[in-house]
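Trainee: I am new to this structure, and I would like a close look at a single part of it. Could you walk me through the aromatic rings and what lies around them?

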Amino acid sequence: MVVTLVTGCAPAVVPPAAPADAAPGRGWRAEREAVVAQVNVARHAAGLPRLAYDAALERVGDAHCEILVAEDGRGHFSRSGVPPYLRYLLAGGHGFHRENVAMFSSSAPVAASAVGAILARAVVSMLDELPPNDGHRRALLDRDVTNIGVGLAIRGGEVRMAQELATEATVAWVPPPTVALPRTRTVLTGRLEPPWRPVEAEVLWEALPHPLSDAELRAIHSYGYPPRRIVFDANRPPGERGLPHAATAAGPATETPFTVDKFGNFSFQWTTGPSEGVEIVVIGATNGRGRELVPVAVSATVVTETGTLPAELAFWRHLAGGPSPARGDAP
């Protein structure tokens, strides 16, 4: 299963429209629905299932877009350096996440009546992309994506849209702790919706996010999931599939870290690493269409020496409970 490449790419830039008057603040419900309808029409034409709307994805997208407008940003990262998939996982998500971002900028305020057309042009631009520079299009037309949320922020002449996409396949989910100390025994359990069948569990690792300079932000044109730390097959003890320290990470060498029963219930146990960082577990599964593994369920555990979340990560964790708090709130 390959999860190190994801359809994150440079933001789609919407060509300017005619200047217009200021737009009042509101939920933009009709405009969001129109974006989803536009995407689902394209998916239907491609013979793909429609996407379900996900309010949790919308909350994550809204928060990211608000930060981008406040920072005059334009892509998948804000100055905090928190990657898209981690924002989503901290906010309570547990699917395999992708993100498209579009921006519009005008010297004049954007009219409320113009927002729908701006967003529609952004979607057309994404769907009209050609290989190999077609990351937005591939994300929208991925057969295995199931859910979408549309994040928006509009202030003056600035518009940011985030299409937050996820592959959701779980019918039961008990995640590991969001934050843990190094070398902590950790458990993830769940069950996938038939015909999905869990086959593999990977632990990915990356350093804690760090603030990004303007130069670093300008240099980011794509993003991917972090590299693999360990990998285990279902119902097999640690062995040749793991990296050299796999048995230690899983526990005693005689244990089977990733188990799946005949009903599809799975349990994965591992030990967090020896240093601070972010550990992401990805469950790969098959669905009867072939032998290809698809990442369908994901968790994140932040490992810190204090056992508490850094403030920039706590901000996203608060979104699991509803509207966004002020940035920098304590856990």
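Mentor: Ring pairs link Phe-77, Tyr-85, Phe-96, Tyr-223 and Tyr-225 into a cluster. Rings of Phe, Tyr and Trp (its six-membered ring) pair if their centres lie within 6.5 Å; planes under 30 degrees apart count as stacked, over 60 as edge-to-face and the rest as tilted. This is a predicted model, where local features need pLDDT of at least 70 and side-chain atom pairs count only at pLDDT 80 or more, while totals for chains, interfaces and linings use all residues. Residues are numbered from 1 along each chain as its sequence is written, and side-chain values use heavy atoms, with hydrogens and water left out.

Searching the whole structure gives nine aromatic pairs. Take Tyr-85 and Tyr-225: their ring centres are 4.5 Å apart and their planes lie at 20 degrees, so this pair is stacked. The pair links distant parts of the chain, 140 residues apart, with Tyr-85 in helix H3 (residues 84-90) and Tyr-225 in the loop between strand S11 (222-223) and strand S12 (228-233). Helices (H or I, at least four residues) and strands (E, at least two) are DSSP runs, numbered from the N terminus. Tyr-85 is buried, with a relative accessible area of 2%, and Tyr-225 is buried at 4%. Here buried means under 20% relative accessible area, exposed over 50%, and partly exposed in between (1.4 Å probe, protein chains only).

Now follow Phe-96, another member of the cluster. In strand S6, Thr-167 is the bridge partner of Phe-96. Strand S4 (residues 96-105) pairs with S6 (residues 158-167) in the antiparallel sense over ten bridges; two strands pair if DSSP finds at least two bridges between them. S4 is mostly covered, as nine of its ten residues are buried.

Staying with S6 (residues 158-167), you can find Glu-158 and Arg-160, whose side chains meet in a salt bridge (2.9 Å, N to O). That term stands for a side-chain nitrogen of Lys or Arg within 4 Å of a carboxyl oxygen of Asp or Glu. Glu-158 and Arg-160 are both buried.

The charged end of Arg-87 sits over the ring of Trp-316, 5.6 Å from its centre. A charge sits over a ring if NZ of Lys or CZ of Arg is within 6 Å of the ring centre and within 35 degrees of the ring normal.
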